[in-house]
Amino acid sequence: MKGLRQLFERHFGFPAASVEPLTGSASHRRYYRLSGSGVSVIGVEGTDERENRAFIALSAHFASKGLPVPRVLESEGLDYLQEDLGGTILYDVAVSGGNFDLELLHKTVAALPRLQFEGAEGLPWEVCYPQEEFDARMIDFDLNYFKYDFLKLTGAEFDETLLQDDFDRLREDLLTEKWDTFLYRDFNSRNVMVRDGEPWFIDFQGGRRGPIYYDLASFVWQARAKFPPELRKALVDTYFQAASRYRKMDRGEFDRRLRLFVLFRQLQVLGCYGFRGLWEGKEAFASSIPLALANIRELLPFNEYPYLTKVLGDVESALSSKPVAARGSMNGRGPFMGGTNMLSASASLTVTVYSFSFKKGIPEDESGNGGGYVFDCRCTHNPGKYEQFKQMTGMDAPVIEFLEKDGEILSFLQSVYALVDHHVERFLERGFTHLQVSFGCTGGQHRSVFCAERLASRLKEKYGVWVHLVHRERQIEKYL
């Protein structure tokens, strides 16, 4: 944080008046909005210097060609400032909830070839991270991701030799063509911002030289988007027309190649969902597994990969008939235990418990369900007023002892328990999948952290539900 403030002052000549943490991506990078005197920028705390260098170099190259990407303004070490494109994410305004903004979606896929073809012109490929191009090694990584982090975690039985034979054939087919174009690598509606009604591209630091089909497959067959078949076809038509301005292509061959990359991308996605959902126990990923399997089901069969086709059919049948436990769950209870199954909409309940500072806003419900509770802890005695507690949090023993001896916050929690317990019991009876409870205080450091910890432990012990605990201002996230 200190480094970002210094970059801001160095660039603008005056200090930032406010620094607002932003919801992060799936990576470990941290994002902030720094503002003051009428200007606003996005500050990024990276975790890998090579990744930072890749983003900065690609951003500068694309911006020099007039492509819609954020410009990097200042950088040093693992920190950099980039242009603030606002807070409108394409997924939120054009995809979420099935309320598709067709104009924005078609604009986005029509703009993609500009980045892929124009962006590739003169691009110094050696800056790409972690490698320069889409190759056999990358394919093997992703196919093994599917095998080890999805198939094996589901308990599916399969012949590894026969499966590898089909993997080898698929790899060879994917590499048939040589493309001197830019592969975004993670092109989806969450990595597109909307400014003044136009799409802008972010988070392309994993890009490299590669085939154009991969990005189109990633976007149009994004599992959580749930685009209907007719919309997928229309978006592919729009993309093909836009890409044809750069290179003449046969539509039949294009569709055949695209189908292969949709399969490959969905296998990679299942590996990710398996690792994050079944291994790490994150329900948002695990609940997306049926969506990715549904995408694959529409493609089957692949006659050229008969054993892979069989395995995919077998695993879907297996998951629809038995529960699967997530690693790390207590008492054998993960997000798919308790008599439910992976293809059911009534997976067992997850309660997300937040601590936060009211100064930085109430946490959003990322499940999309809304509702839940927000409790204001500021009515209770504040340890933060005392010098000996200022550097501690509600997880530290001296603060816990102070709050317990004072007793005011314990009475407050009894009222909270009465409300939340009833809610949890009714949600379990009705098969609901998510409830959010947030505790706010002045700094999100002492009282709210203490309350969140107490409620999370109580719910896990009393009901055995899956608990996602987030201390937002402390940047701590864990699963119970």
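V19 stands opposite L34 in β2, and β1 and strand β2 (residues 30-36) pair in the antiparallel sense over five bridges. Strands pair here if DSSP finds at least two bridges between them; helices (H or I, at least four residues) and strands (E, at least two) are DSSP runs, numbered from the N terminus. This is a predicted model, in which local features need pLDDT of at least 70 and side-chain atom pairs count only at pLDDT 80 or more, while totals for chains, interfaces and linings use all residues. Residues are numbered from 1 along each chain as its sequence is written, and side-chain values use heavy atoms, with hydrogens and water left out.

**The sheet with β1 and β2**

- β1 and β2 belong to an open sheet of five strands, ordered β1-β2-β3-β5-β4, with antiparallel pairing.
- At its edges stand β1 (18-22) and β4 (72-76), each with a single partner strand, so one side of each has no neighbour in the sheet.
- From one strand to the next, the twist averages 25°; angles run from 0 to 180 degrees between N-to-C directions, and axes are lines fitted to C-alpha atoms, for helices over the stretch in contact.
- Helix α2 (residues 49-64) packs on this sheet, touching β4 and β5 (79-83), and its direction makes about 30° with that of β5. Contact means heavy atoms within 4.5 Å.

**The sheet with β10 and β13**

- Another open sheet has five strands in the order β11-β12-β10-β13-β14, and its pairing is mixed.
- Its edge strands, β11 and β14 (476-479), each pair on one side only.
- The twist here averages 15° from one strand to the next.
- Strand β10 (residues 350-357) and strand β13 (residues 466-471) run parallel and are joined by six bridges; W466 in β13 is the bridge partner of T350.
- Helix α15 (residues 447-463) packs on this sheet, where it touches β10, β12 (434-441), β13 and β14, and its direction makes about 170° with that of β13.

**Helices α6 and α12**

- Helix α6 (residues 160-174) packs with helix α12 (residues 306-319) at an angle of about 120°, their axes being 7 Å apart.
- The two helices, α6 and α12, are therefore oblique to each other: angles under 35 degrees count as roughly parallel, over 145 as roughly antiparallel, 65 to 115 as roughly perpendicular and the rest as oblique.
- The crossing of α6 and α12 is left-handed, the term for a near helix turned anticlockwise from the far one by less than a right angle.
- On the α6 side L162, L163, D166 and F167 take part, meeting P306, Y307, L308 and V311 in α12.

**Helix α7 and its surroundings**

- Eight of the eight residues of helix α7 (residues 213-220) are buried, so α7 is largely enclosed by the rest of the structure. Buried means under 20% relative accessible area, exposed over 50%, and partly exposed in between (1.4 Å probe, protein chains only).
- The buried residues of α7 pack against α3 (90-95), α4 (102-118), α5 (136-154), β6 (182-183), α8 (229-243) and α9 (251-279).
- D92 lies in helix α3 and is partly exposed, with a relative accessible area of 45%.

**Single residues and cysteines**

- T380 sits in the loop between β11 (373-376) and α13 (397-406) and counts as buried at 7% relative accessibility.
- Leaving aside neighbours within four places in sequence, T380 is in contact with E408, I409, F412 and R447.
- The structure holds zero disulfides, a disulfide being a pair of cysteine sulfur atoms within 2.5 Å.
- For C441, the nearest cysteine sulfur is that of C377, 6.0 Å away; C441 counts as buried at 2% relative accessibility.
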